[in-house]
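Subject: Structure for your files

Dear colleague,

Here is the structure I said I would pass on. My notes on it follow below.

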Amino acid sequence: MKRIFLFLLTNLAVMLVLGVVLSIIMSALGLSHRSLGGILLIASVFGFGGSFISLFMSKWIAKKSTGAQVITQPRNETEHWLVQTVSAQAQKAGIKMPEVAIYDSPEMNAFATGPSKNNSLVAVSTGLLHNMNQDQAEAVLAHEVSHVANGDMVTLTLIQGVVNTFVIFAAKVLAGIVDNFLNGDEEEGGSSWSYFLFDMLFQVVFGVLASIVVASYSRKREFAADSGAAKLVGADKMRSALERLKQNHPSQLQGSMMAFGIASGKGMAELFSSHPPLDARIDALRK
């Protein structure tokens, strides 16, 4: 419940900030919220603005939402091994040492997040540490380090910003067309109930379609991260880790953390899944 409240509160704060910024810009430019220029500005501010604010806040959000504890001073052999392993992999991948954290969860999972290659976080679950051997855990860490080295977080943010902008722009334009058809000039300025209703409806429909595009990109980056991990620690270790994940609990990660985790939820339609099937990933490592 606390995580849901934090998620809603963070998004509300982002929306309020973007709303204030948008009002100032539109007032300065003299744009109407029903003109094409005004709609494009609204779509761009909320589409890209929301994505980039989420990116810059991603480490803080991840720590708060998962309860991840960053290892500042290793307290035991496991924490020493985690820090040393990530440090060695980061050096080999040519990136700055990420923060390393552990979060409490029965699932075998890990994720990477952060606004840049040199300002990132790699976190692993207690379930992964308890249920994977050291070679498998090393491969999972290499997978996450590869996500960071490949710049996947920033690229996904750009793609998400583009599709968000398209969704908002297309929805508002079509809602305006439908509103004009239904009401003519009876209600101007986009204040009619039909405009808001169809705007929300089109955003839901286009949002679902856009999520397919984002999920497709995410799946491709999973293959790339697996390949990167194979180069860092060997394909055999990565395949072994993926085989072990077949006995995993369903993923509890959300949003971008799921996209850059090692495992995703089960039973999701493939078009909307952020991760390819485990067997497909294992087969790709054999080629």
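This is a predicted model: local features need pLDDT of at least 70, side-chain atom pairs count only at pLDDT 80 or more; totals for chains, interfaces and linings use all residues.

Helices (H or I, at least four residues) and strands (E, at least two) are taken as DSSP runs and numbered from the N terminus. Residues are numbered from 1 along each chain as its sequence is written, and side-chain values use heavy atoms, with hydrogens and water left out.

Overall

The protein chain has 11 helices and 4 strands. Of its 287 residues, 46% count as buried; buried means under 20% relative accessible area, exposed over 50%, and partly exposed in between (1.4 Å probe, protein chains only). Contact means heavy atoms within 4.5 Å. Among contacts between residues at least 6 apart in sequence, 69% join residues at least 24 apart.

The annotated site

The unreviewed UniProt entry lists His143, His147 and Glu222 under "binding site". UniProt positions are given in the numbering used here, feature names are shortened, and annotations may be inferred rather than shown by experiment. The three residues span 80 residues in sequence, yet no two of their C-alpha atoms are more than 8.4 Å apart, so they gather at one spot. Histidine 147 lies in helix α6, and glutamate 222 belongs to helix α8. Histidine 147 is buried because its relative accessible area is 0%; glutamate 222 is buried as well, also with a value of 0%. The side chains of glutamate 222 and histidine 143 make a polar contact at 2.9 Å. A polar contact is a pair of N or O atoms within 3.5 Å; within protein, one must be able to donate a hydrogen and the other to accept it, and residues adjacent in sequence count only if both atoms are side-chain atoms.

The sheet

The 4 strands form an open sheet with mixed pairing, in the order β1-β2-β4-β3. Two strands pair if DSSP finds at least two bridges between them. At the edges are β1 (69-70) and β3 (110-116), each of which pairs on one side only. β1 and β2 are antiparallel over 2 bridges, with valine 70 bridged to alanine 101 of β2. β2 and β4 pair in the parallel sense over 5 bridges, and here valine 100 has valine 122 of β4 as its bridge partner. β3 pairs with β4 (residues 119-125) in the antiparallel sense over 5 bridges; threonine 113 is bridged to leucine 121 of β4. Strand β2 (residues 99-103) is mostly covered, with 4 of its 5 residues buried.

Helix packing

Helix α6 (residues 134-149) lies across β3 and β4 and runs at about 20° to β3. Axes are lines fitted to C-alpha atoms, for helices over the stretch in contact, and angles run from 0 to 180 degrees between N-to-C directions. Helix α4 (residues 77-93) packs with α8 at an angle of about 105°, their axes 11 Å apart. That makes α4 roughly perpendicular to α8; angles under 35 degrees count as roughly parallel, over 145 as roughly antiparallel, 65 to 115 as roughly perpendicular and the rest as oblique. Gln89, Lys92 and Ala93 of α4 make the contact with Lys231, Leu232 and Val233 of α8.

Valine 204 also lies in helix α8 (residues 193-233). It counts as exposed because its relative accessibility is 54%.

Regards
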